Number of protein chains: 2
Amino acid sequence: MAGYVYTFGNGKADGDKSQKNLLGGKGAGLAEMARLGLPVPAGFTITTGCCKYYFKSDANYPPHLNDEVENALKHIESIMDMKFGDPEQPLLVSCRSGARTSMPGMMETVLNVGLTTKTIPGMIKKTNNERFVYDAYRRLIMMYSDVVMEKSEGFEPDEGKGIRIQLEHIMDQMKINKVYKGDTDFTAEDLKVLSEKFKIKIKEVLGVEFPDEPHKQLWGAIGAVFKSWNGKRAISYRRIEGIPDEWGTAVTVQSMVFGNMGDTSATGVGFTRNPATGENSLYGEWLPNAQGEDVVAGIRTPNPLNEATKNEQNKHLPSLEKAMPESYQQLHDIRDNLESHFCNMQDLEFTIQENKLYMLQTRVGKRTGIAALNMAMDMLSEGLIDEKTAVTRVSPAQLDELLHPLVDPDAETKCRVIAKGLPAGPGGACGQIVFTSEDAVSWQKKGKNVILVREETNPEDVEGMRAAVAVLTARGGMTSHAALVARGWGKCCIVGAGTLKIDVSNKKIIIDDIEYCEGDTCTLNGSKGFVYAGQLPMIDATETPRLSEFMTIVDKFRTMKVRTNAETSKDVKIARKFGAEGIGLFRTEHMFYGEGSEKPLFLLRKMILSNTEMERRAALEELFPYVKNEMKKTMEIMNGLPVTFRLLDPPLHEFVPHSKQNQQELARALNVDVETIAKRSELFNESNPMMGHRGVRLGITYPEISEMQFRAILEAAAELIKEGNKAHPEIMVPVTCDVKELDNMKVLTDKIYNGVIAKFRIDKIDYQYGTMIEIPRAALLADKMAGTAEFFSFGTNDLTQMTFGFSRDDIGGFMGEYIDKKIIKDDPFQTLDIEGVGALIQMAVTKGRSTRPNLKIGICGEHGGDAASVEFCYQCGFDYVSCSPFRLPIARLAAAQAAIVAEEN
Amino acid sequence: MAGYVYTFGNGKADGDKSQKNLLGGKGAGLAEMARLGLPVPAGFTITTGCCKYYFKSDANYPPHLNDEVENALKHIESIMDMKFGDPEQPLLVSCRSGARTSMPGMMETVLNVGLTTKTIPGMIKKTNNERFVYDAYRRLIMMYSDVVMEKSEGFEPDEGKGIRIQLEHIMDQMKINKVYKGDTDFTAEDLKVLSEKFKIKIKEVLGVEFPDEPHKQLWGAIGAVFKSWNGKRAISYRRIEGIPDEWGTAVTVQSMVFGNMGDTSATGVGFTRNPATGENSLYGEWLPNAQGEDVVAGIRTPNPLNEATKNEQNKHLPSLEKAMPESYQQLHDIRDNLESHFCNMQDLEFTIQENKLYMLQTRVGKRTGIAALNMAMDMLSEGLIDEKTAVTRVSPAQLDELLHPLVDPDAETKCRVIAKGLPAGPGGACGQIVFTSEDAVSWQKKGKNVILVREETNPEDVEGMRAAVAVLTARGGMTSHAALVARGWGKCCIVGAGTLKIDVSNKKIIIDDIEYCEGDTCTLNGSKGFVYAGQLPMIDATETPRLSEFMTIVDKFRTMKVRTNAETSKDVKIARKFGAEGIGLFRTEHMFYGEGSEKPLFLLRKMILSNTEMERRAALEELFPYVKNEMKKTMEIMNGLPVTFRLLDPPLHEFVPHSKQNQQELARALNVDVETIAKRSELFNESNPMMGHRGVRLGITYPEISEMQFRAILEAAAELIKEGNKAHPEIMVPVTCDVKELDNMKVLTDKIYNGVIAKFRIDKIDYQYGTMIEIPRAALLADKMAGTAEFFSFGTNDLTQMTFGFSRDDIGGFMGEYIDKKIIKDDPFQTLDIEGVGALIQMAVTKGRSTRPNLKIGICGEHGGDAASVEFCYQCGFDYVSCSPFRLPIARLAAAQAAIVAEEN
């Protein structure tokens, strides 16, 4: 099919599951289900290609689209035996969005399209249910006027002045006048009157008539769905998720089926396995006599699908299994069919119209990290997938989630649960409660951990949810907006905690007459759905044995090594536990910061403030044992694995005291006057220290400082060798821009090496000499650098700074706007800028290996723990990535997945 | 000849003038003169290839060198009819250095090699002059013990303890004992005794015997010459001159001829034209009964070569023309021969031995800037060279010299000349007098202009001469060390000012009983040789009509445009006079600095310190007319030539007052409290402002600032068009790293453009929209940048900073050592780093033009006025270079020469 429209229904389809990019996830899933012979209401999908055409052509459709849509409508009509706009057998359709990737709630949907004054009588006759038809009609009017007539036409009403709210107000007025308790009290006549009032209001507010012609309704709805791709919410969501703007959405037009035609009708959503835990059983929620949106919107707390998955919150509610056993059995069979067909957990939507089951959606279901892990391991043991697939089934982000803290269960037993809800997002979180999305964003900017508390969330809350460490809602189910979004991000989330009385205007929650005010601290266990007052201790979730089993399989596919950036014995030990195969970055300067640094820092300062080389050498001599011992301890733990020691890197001014008081103390300790200290400190001030006298530049100007470090590294190794241990140090020279810097330092290294060999009477120390590549010039001249360097380690933090001319400390003033205005996609300090910095890296690798084919190449910038960056490193042919100890499992997984992707391409 | 030794003599030679790289300048010149049949004493040259071999092989010679040298000696012996080491007909030789480029006085020479106790009797018999032979012998001993036995063996005696000084001391003692007035009073017997005393002293001090074997002497001398290539002075000179260390020197061994064999002997140096003025006549100096070194060393004030070139200082001395007319005529004929053969001014050395003229050297003569210009124009009109050659005959450095200030002649007529000397280096200079090289260096570092005053200079003074604005000596001629070195650098220099009594220990000069002390200011006219007390006004040397004639020819060969970096009307007018074909950089921020900036700076500060966009817009509105008027004035002067306006570039904190007092003043003027000012100022502080919130980043975050500038540029142009003038503005966006920044600003530009066109009711404004390329990422992604940019202008200052990670403000701490330790060759902020930064530029040009073939490319960093960088820009295919107004002629010349070189290759 070469056009823009793909039909499905009656056991056939133009498209299939492979065409997600063209048909969107929804369209491809429906086509595939139709091909499998599952009960899918007939319909058609207008492709994403049409969406792209639409935006490129100033909101015009391709010339033949009209004909294609007409033909497709005929196709539906013949299968469903109804006619669009026909007074006797009227066909109603839904218009839904569907992008390549699910964007839940971010785009528009219009239901009941085709209901007009002409088709209403036919519908009534056919359904024999006048109230149902007028209810459908008023729903159409409300939805259509909001989505198609207002939003998609670019109206931007003030807060509370939107057409939908005005129509709801009319409905509320009637409810009050008639003393009705709820919507179900409205009679057919009431709804008919309401519809007329709605249409008058619409004409008054928007200045145009509500369309009474089915095709006009249909094209309006199609256009509104396309336009919603560029709605504010959708754009904001794409920015967060990194979805390209050019993908576009498809529109699926499908014959309406009704879950709200009485007690034999129902609607629901399900997962073929539990998306929170991974448990292997059908899991989901349903509502009798309801439309699909009612379940997802979270307005009514839905019923459980089956008995086995009932929980504390919904155990009193009827399951579909009990209420409609035949439909349930059919759904269960479909679940098995889909799982064995897709070999992955599916997220389903279904509707039962008068006891007949219809499937409305299947797609790969979102899941928590722990569920992803459990499903991967379960499906592997069930033989549904192989090891390689299992490795790809846990994303680095999901693994990250697994590595998040959990609330300490011991502490939990001792604390009172103040509220319970559905465990919608896993892990534990602790923060101060806030009540609006705006507050969440502004408090987070001030550095606070906040928990966003909402009655229920809607797409307008996305930014606030992003800013919060956790989300807590009083309403909604496991498939509500809050649950879907939070789970997608691996964020701790509890929904439907019904005992919460939320008072937004006074910014407080009342639970059992106790008030919790804005700013109060709470702790959430998102895996259980429990809320606690105050701050509870957290623990490490990485102890689960399944994780280590999974990581063992991961490592079977991984070819690139992983190392860690660590210096203290504690960190180095953790890193080994997490699979570090070496130390990629030992920062010599660490010993001058933090715990136990007083004495070495004093000696360093003494050295820095020396007036002559002789004084400096004497101070260095005193400093030497501290440096050597730290290095030795690390190599001892690593037991022969490579340890890369970076020479002193920061500009010296960082170590000089700047406050008067500290200068006085130092003056006393050094027995000089404070003016001398102050003057000498001032000498070290720089306009742009990031590009100043640091790294190898210190080594060139004060060779005695480098000498001491070379000696410390090599003597530490020599001592270990003498003691019968293994040592494999790598000497790394930072901030180089020319091979002559390396050559200059190499002369010193060789001299020291010969001295150490002689002093310790050993044959050799197995060491390597290399450099950071963190200055653009070093990357540009990598062929020369590799003449001396035996290894490169990309310092992507600095390389990013220099390549962009972005000082990491100063981007605050503009980075926000740069991302908002889409000038750059991601903060390049978090995810490697492959286009620019990556081009330099690629060039350096190629040039470096042209000189030295066995050049060892790694990365030690913070990107070494970022999955996308790790994949890039793999593609560039790196030997290893190095990251902080806690990022190691993520680096291992990303490396394995990169190898699998490469093998498959 | 495939070996390491090339012979010459008797009208033949193995080599020729094209082999400078192999034979050195001296060896190639001698070979060529031999081929021309000129009287050249026979000899041979050991190639620079041998020198390289020697250093690579741990001071060992190639295996067959000994045989080659023996054969070459036989060649000399047969031509000269003498034998090396023969007791009857002893051949003596000189050993001289000779590199590809002349390095005057930087390497060693040994004369009279072959004089031993065995050969002395033969020499005496042959010359019939015992005194001459023993004088030659004591000279050999003094020179050889110093150069070969002490220096080349690595002895480093304390100041005043060198063997040469100790031997001089013995000689002085004998003079005192015998009550002799000068060296000429020594008898043959005296000199014989001295020689014996010398040999005893040498054995005592250096521990070895003075060699009495001719071959031992010869090989010692050859080795010493090679080793002197890596002597401290030679290395220092090469660093200053940018001569590569790997070139190496050749050694020329040549039959000795003697200018000191009595009154029919003489020695001298000459230039085929006057090297100071360019005048077309033989010019030079000679001394009767002297060796060549006596002239060059400047110890005796030499005689003029001919009557026509006598001057105030030497008019009383006998000319060679009068004293030895036949030899003079022969020399004059040779001068004509060489000029017509080499088509360039030659620098000659000759010796007359008993009325027979020998040529010892010819090479292209160094000349002042004015001489270079005059010679080029003269030779062109003489038909000796064509226009293209004329253009290549003035180097950019010589042109630079021409553009230097001269002492105002008017002022000179009113001042008393306190001393006269030889006009050795052109132009005028004014500075404080100092008496040692060390003082010159240290005073210059303190920012002072100093004139180095010395009795005579020697190679140890090179650093001080470099540091001084001018050099003044009491002794020496136009070919003395001081004169040669200063002329090479285009530095103002007066030598041989004999009335100066210099008292170095008390740091003063006495002239006619008047004392001038260290720190007193003097003015030198280096073109006339006049010294004045105090500071005289200077004038511009660029008015000479020959210069504009020359520049007219230059422009015939130039294909690349030149523009200027200028903003004020004054600078813009100067630039047009100097040939600017456009403005390559108009810095918008200039109007906030310096004269007349009070009001605009106040308004800018008001804008910066605004709290809201509305306040900011109001302040911008007030600022607008100032900005527009400045822009209009510049475009008006440029009259349709392109003017590139760079948007506001520096970080805003540069404009905010930081001192308490200035903040208070501003607070009063703005009617806010000072804390508000202080707080808001603090907000702008950055850790690394060079990589902070500046350039386009300001425009993205405060679009209203860019908007005002776009409007100012376009309205200024529109007003000019309305007034019947021409305007061609170019809008340049600085500090870009991504094309989306350009796109973002382009939307604003287009909007403003449409508004201006409508407001002024004009058809169009002919403008271009482009970007600086000054961030490495912009260069890496130049193909993308060129999608929007219609031109690139390389901002090589910032590009160098980012590529090296060198903050220009902070390199003081290490740049000196980097250059000293040869880690980098030149300060990359002065001469473009072609290897690194150049690679980025080349890449950006290629990528940019791949997207937009007619992309206009220029440079506006300071390298645009550096000749080597201009050549590189030409090679990269730039459309223009832009530099400061005074550098324009240099840029034009460099561009023309680059085009000529490219055409020839």
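This is a predicted model: local features need pLDDT of at least 70, side-chain atom pairs count only at pLDDT 80 or more; totals for chains, interfaces and linings use all residues.
1. A:Ala376 counts as buried, at 1% relative accessibility; buried means under 20% relative accessible area, exposed over 50%, and partly exposed in between, with a 1.4 Å probe and protein chains only. The residue A:Ala376 sits in helix α13 of chain A, residues 369-382. Helices (H or I, at least four residues) and strands (E, at least two) are DSSP runs, numbered from the N terminus. With neighbours within four places in sequence left aside, A:Ala376 is in contact with A:Ile385, A:Ala390, A:Arg393 and A:Val394; contact means heavy atoms within 4.5 Å. A:Ala376 and A:Asp386 are ten residues apart along the chain, and their C-alpha atoms are separated by 9.3 Å.

2. Residues are numbered from 1 along each chain as its sequence is written, chains are lettered from A and ligands numbered from 1 in the order in which they are written, and side-chain values use heavy atoms, with hydrogens and water left out.

3. Chain A as a whole comes to 35 helices and 34 strands. Its radius of gyration is 33 Å, close to the 29 Å that the globule rule gives for 905 residues, so chain A is as compact as a globular protein of that length. The radius is taken over C-alpha atoms, and the globule rule is 2.2 Å times the number of residues to the power 0.38. Along the principal axes, the C-alpha trace of chain A spans about 105 × 60 × 50 Å.

4. Of the 905 residues in chain A, 60% are buried. Among contacts in this chain between residues at least 6 apart in sequence, 68% join residues at least 24 apart. Chain A exposes about 35,300 Å², and carbon and sulfur atoms supply 49% of that area. Accessible areas come from the Shrake-Rupley method with a 1.4 Å probe; for residues, only the protein chains shown count as cover.

5. Chain A carries 107 positive and 124 negative charges, whose mean positions are 2 Å apart. Lys and Arg count as positive and Asp and Glu as negative, while His and the chain ends are not counted. The place of a charge is taken as NZ of Lys, CZ of Arg, CG of Asp or CD of Glu.

6. The interface with chain B comes next. In it, 45 residues of chain A are in contact with 45 residues of chain B. The two chains bury about 4,100 Å² between them, with 58% of it on carbon and sulfur atoms. A:Met691, A:Arg777 and A:Ile823 supply 16% of the area that chain A buries against chain B, more than any other three residues. Buried area is the accessible area (1.4 Å probe) that two parts lose on being put together, summed over both.

7. A:Leu73 belongs to helix α3 of chain A, residues 65-80, and is buried, with a relative accessible area of 2%. Leaving aside neighbours within four places in sequence, the contacts of A:Leu73 are A:Phe44, A:Phe84, A:His215 and A:Leu218. A:Leu73 and A:Phe84 are eleven residues apart in sequence and 7.5 Å apart in space, C-alpha to C-alpha. A:Ile824 lies in the loop between α32 (815-820) and α33 (837-851) of chain A, and is buried with a relative accessible area of 7%. Not counting residues up to four places away in sequence, A:Ile824 touches A:Phe804, A:Phe806, A:Met815, A:Tyr818 and A:Ile819.

8. A:Gly15 is found in the loop between β2 (12-13) and α1 (20-35) of chain A and counts as buried at 1% relative accessibility. Apart from neighbours within four places in sequence, A:Gly15 is in contact with A:Tyr6, A:Thr7, A:Leu23, A:Ala31 and A:Arg35.

9. A:Asp513 has phi near 65°, a positive value in a residue other than glycine; A:Asp513 lies between β22 (508-511) and β23 (514-517) of chain A and is exposed, with a relative accessible area of 72%. B:Asn289 has a positive phi of about 45° although it is not a glycine. B:Asn289 lies in the loop between β10 (283-288) and α10 (292-296) of chain B, and at 32% relative accessibility B:Asn289 counts as partly exposed.
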